[in-house]
Amino acid sequence: MVKDFIHPYIPNGIKQTKDEMLKRIGSKTIEDLYSCIPEHLRIEGRLDIPEAISSELELKQHVEAILNENITCAEYTNFLGAGCYDHYVPAICDEINSRSEFLTAYSGDTYSDLGKNQALFEYGSLMGELLDMDVVAFPTYDGGQALNTSIRMSHRITGRKQMIVPETMSKGLLMQVREYNYFMEIDFVAVDEKSGQINLQDLESKISDQTACVVIENPSYLGHIDRQGEVIGKIAHKHEAVFIVYVDPSSLGILEPPINYGADIVCGELQPLGIHMGYGTGMGGIIASKDEDAFIMNFPNHFYHIYENEKGERGFARALNERTSYAKRDDGVEFLGTNVGLWAITAAVYLSLLGPKGMYELGENIIYKSNYARRVLGQVKGLKILYPDSNSFKEFVVNFDDSKKTVTQINKQLLERKIFGGKDLSREFPWLGQSALYCVTEKTSKQDIERLGEALDEIINNK
Amino acid sequence: MGRKAKLRNFHAAKWDEPIIFELSEPGQRGILYPKVDEELKDEFGEIENLIPEGMKREKAPALPELAQPQVLRHYLRLSQQTLGQDLVIDIGLGTCTMKYSPKINEQFVRNPKVSELHPLQDTETTQGILRIMYEFEQMMKAISGMDAFSFQPGGGAMGIYANASVMKKYHEDRGEGDQRTEVITTILSHPINAAAPKTKGFKVINLMPTETGFPSIEALKAVVSERTAGIFLTNPEDTGIFNPVVKEFVDIVHEAGGLCVYDMADYNGLFGIARAKEAGVDMCQFNLHKAFSSPHGCMGPACGAQGVKQELARFLPVPTVGFDGEKYYLDYDRPDSIGKVRKFYGVIAAVIRAYAWVLALGPDGLKEVAEVAILNNNYMMKRMLEEVRGISLSWENVPERLEQARYSWQKLKEDTGVTIADINRRAVDYGLQSFFPSHHPFIIPEPYTPEPTESYSKADIDEYVEIFKKIAEEAYTNPELVKSAPHRSTISKVYDNLVTDPKDLMVTWRAYCKKRPMESKTESPN
């Protein structure tokens with residue numbers, strides 16, 4: 001029968017309230033209200049889950065005791081990147097994304113969520129400036145899904161099924177691409193052994209009138225800056241294929257945006273722009289295209305469009321909804337769901353704070369420090385920097401073959417020295433031998449880099 | 001029935017806030033970065049030495065330039081013009097399960113012990129987070145009766161997509177991939193239950209409901225065949241109607257060799273009462289940002305927790321979390337996996353919040369959540385149907401609803417000419433979030449789907465009902481007032497559905513500056 005159940009999250013647990021409500025309904029018990037669920041579909045007994053920790057204090061103690069078992073990049077020096085990046089998050093990014101209004105709003109419309117809609121329009125607008133593009137969609141789940149949709153768009157536009165991707169694409173990203181674009185054929189274009197740059201002859205030999213898209217990453221997964229974008233774009237366009245560039249937005253204060261060397265669709269990972277890593281929670285997918293009907297109508301994502309009324313007031317609402325699966329179910333473009341709105345707003349705050357000069361300084365910090373690290377590690381006996389003939393932006397590959405140690409062994413020893421060494425590439429790209437991908441951001445200090453150099457020297461050369 | 005709710009003399013925040021670009025003042029800085037060490041500059045020289053020719057950005061991005069207080073103020077003002085669940089009686093957004101997201105859980109995920117974790121760290125250093133993922137999987141197994149979970153999908157839609165992927169892989173594994181090309185779902189289900197299987201290459205059959213609110217057994221039998229890959233069911237449907245013969249549906253599909261998937265987006269009324277296992281389904285997905293309290297965040301980040309039975313566990317996305325009795329680990333050795341649907345392991349913040357929420361409630365608390373959600377909905381339904389003019393219940397001959405209900409304002413429209421779009425704009429004048437009508441297609445005319453979750457008090461529900469009583473009255477006595485709404489929102493009415501040609505699309509400030517219509521496009525299309 002009805003009884004008190006007092007819990008801070010459930011205001012109508014009081015017996016008297018329940019009784020009043022049941023009386024108004026005309027029912028004796030709450031069970032009567034769900035008598036439509038037949039016995040054979042009911043759970044027998046209580047759920048077999050832990051008993052409640054209903055005091056907030058004890059809950060906090062319990063959960064924090066578990067979380068305290070983690071050791072984080074705030075405690076150790078981190079050189080891991082490989083798709084998730086340890087950038088500085090300005091205080092105001094967190095201030096805004098913890099605002100109750102933004103944190104707990106959802107899919108409200110033009111009037112009730114005007115501020116949210118304006119912030120999302122501003123996300124697109126700010127990203128548009130960073131990318132130098134007019135059409136930017138609401139961001140998707142992560143960079144991988146942004147690339148997936150870019151590839152599917154190229155298929156829908158060209159009707160073709162072949163994609164060409166660099167052989168150095170991360171295996172994680174590739175797993176997403178294979179899963180989502182399961183019906184397409186993948187051809188890998190080779191990269192030059194010394195520079196990591198796309199082998200243009202190999203590209204020419206693989207591209208055909210069956211090619212839907214040519215994909216490059218810039219900077220590449222292995223860190224070097226692609227310098228042949230314009231030529232690659234021309235080769236793709238000669239065959240009427242779509243040229244897709246997966247870009248690191250933190251590079252765009254100093255590096256040319258892909259549209260300016262011929263990209264048709266630009267995608268990438270949003271997380272570097274003011275979003276904490278959070279064990280991968282912070283991922284988001286940037287996706288933008290040329291301002292052409294065929295591209296626009298092939299986005300599955302929301303577009304936040306700006307409107308004005310006769311008073312000059314501005315409203316913002318989703319536009320061209322008939323494209324989407326929300327409007328058309330299985331006849332819509334791909335599928336659409338809850339993505340990463342809060343990260344879009346966070347990235348908008350980040351770009352507003354940094355402005356053109358901040359984005360430049362960010363890029364400048366990264367490229368100088370990363371190149372310094374590359375030089376320092378290159379000087380350690382037993383280490384080799386791969387792809388020496390290319391410039392790198394924030395990541396680079398260190399090879400340990402001459403040290404006769406594995407990356408696993410080295411990283412364990414670095415861990416003892418409170419350093420997270422670079423990502424082990426030995427299983428991902430066996431042809432690179434014992435290699436690791438090192439990442440340096442604006443957060444990495446010169447001293448951190450020198451300490452890493454010394455630690456590796458100690459580990460490898462027993463110094 | 002207690003004190004009568006007083007209607008608020010609400011007015012939304014109205015800052016008349018410009019677009020951030022209009023606030024730009026060249027030379028201002030919102031944040032400074034460290035100066036690059038002089039030694040490094042000496043070592044490498046100009047930045048051009050580090051960038052290949054032609055790759056240095058020639059023209060700086062035309063981002064706005066603002067000092068820090070101005071950036072903060074701008075976005076604070078925008079936040080004030082947003083009616084988040086924390087601020088309002090957010091009953092209107094049915095199917096979205098707008099419930100309280102406990103603030104303590106926010107502290108957990110914003111703790112550097114979570115926020116500063118890199119996903120590729122040695123698992124020696126991530127035992128805490130892996131333990132939570134592992135323990136939450138055990139909780140989800142008990143809650144659903146499924147045998148294994150992945151938290152990788154980045155939202156409910158992606159959870160459904162991942163289940164479609166498992167379905168495809170399962171049939172391919174059995175050598176029936178080419179034969180089993182059809183997926184069945186119900187027209188009332190979330191559109192993703194049709195769109196995600198389609199994205200995975202299936203042909204989709206949408207079943208119409210009968211007068212029961214769900215499709216007939218005969219209709220199902222008529223479309224089930226050796227081509228059937230499976231069925232995607234939502235129970236209860238977005239209408240709040242529970243399908244009591246779901247087991248028969250499942251048996252029919254199983255007999256034909258297909259798999260059955262439960263979309264648990266509407267789970268809030270079922271905690272501790274009913275679950276996927278007893279319905280006999282093979283897979284399901286829960287939206288942790290709905291029933292499990294993780295905040296909706298202006299549409300994500302989110303998590304679609306994907307649960308499957310043992311025989312399908314090997315197909316789940318890679319990696320999964322394991323425990324060897326001493327240590328938690330990430331298991332990448334999964335040759336039959338569908339692969340990856342999202343980078344790394346998913347939105348772990350949503351997992352931590354959901355874990356803490358389940359812990360705070362325990363087995364009795366979870367059942368209380370469901371029972372109060374059902375009580376709230378039935379109480380509100382009684383009042384709505386008896387006291388509000390012009391509203392009716394869809395499928396009136398089926399009286400029972402669980403945690404939400406789909407109503408129709410068709411009578412009000414016929415009587416007054418006032419539409420759901422008008423009512424929705426007027427609701428904002430009373431401090432409400434806009435309501436959710438229905439997913440497409442609208443099977444019910446002038447639909448309206450509110451969901452009073454367990455987070456709302458009786459007083460909240462009473463206030464909510466009084467507002468709709470008032471709006472209905474206004475529609476009958478002064479329809480223009482409703483049609484011309486909003487009157488107390490941030491802006492007045494704007495015709496916000498006029499773009500039909502992609503050439504008119506203005507989704508960036510730069511596109512707006514180029515394309516801004518010279519003649520007014522703000523007149524009514526009528």
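These legends describe close-up views of a predicted model.

Residues are numbered from 1 along each chain as written, chains are lettered from A in the order written, and side-chain values use heavy atoms, without hydrogens or water. Local features need pLDDT of at least 70 and side-chain atom pairs count only at pLDDT 80 or more, while totals for chains, interfaces and linings use all residues.

**View 1. The interface of chain A and chain B.** The contact (heavy atoms within 4.5 Å) takes 204 residues from chain A and 224 residues from chain B. The buried area is about 19,000 Å²; this is the accessible area (1.4 Å probe) that the two parts lose on being put together, summed over both. Carbon and sulfur atoms give 62%. In chain A, A:Tyr111, A:Tyr279 and A:Arg329 lose the most area to chain B, together 6% of what that side buries.

**View 2. A salt bridge between B:Arg29 and A:Glu361.** The two side chains meet at 3.0 Å, N to O. The count between chain A and chain B is 25 salt bridges (a side-chain nitrogen of Lys or Arg within 4 Å of a carboxyl oxygen of Asp or Glu). Helix 12 of chain A (residues 341-378) gives the largest share of the side that touches chain B, 27 residues. Helices here are DSSP runs (H or I, at least four residues), numbered from the N terminus.

**View 3. The lining of the largest cavity.** A cavity is a set of points on a 1 Å grid over the protein atoms alone where a 1.4 Å probe fits but cannot get out; lining residues have an atom within 4 Å of a point. Lining residues include B:Met133, B:Phe149 and B:Tyr345.

Key: On a 1 Å grid over the protein atoms alone, a cavity is a set of points where a 1.4 Å probe fits but cannot get out, and a pocket is an open set with protein on both sides within 12 Å along at least five of seven lines; lining residues have an atom within 4 Å of a point. Helices (H or I, at least four residues) and strands (E, at least two) are DSSP runs, numbered from the N terminus.
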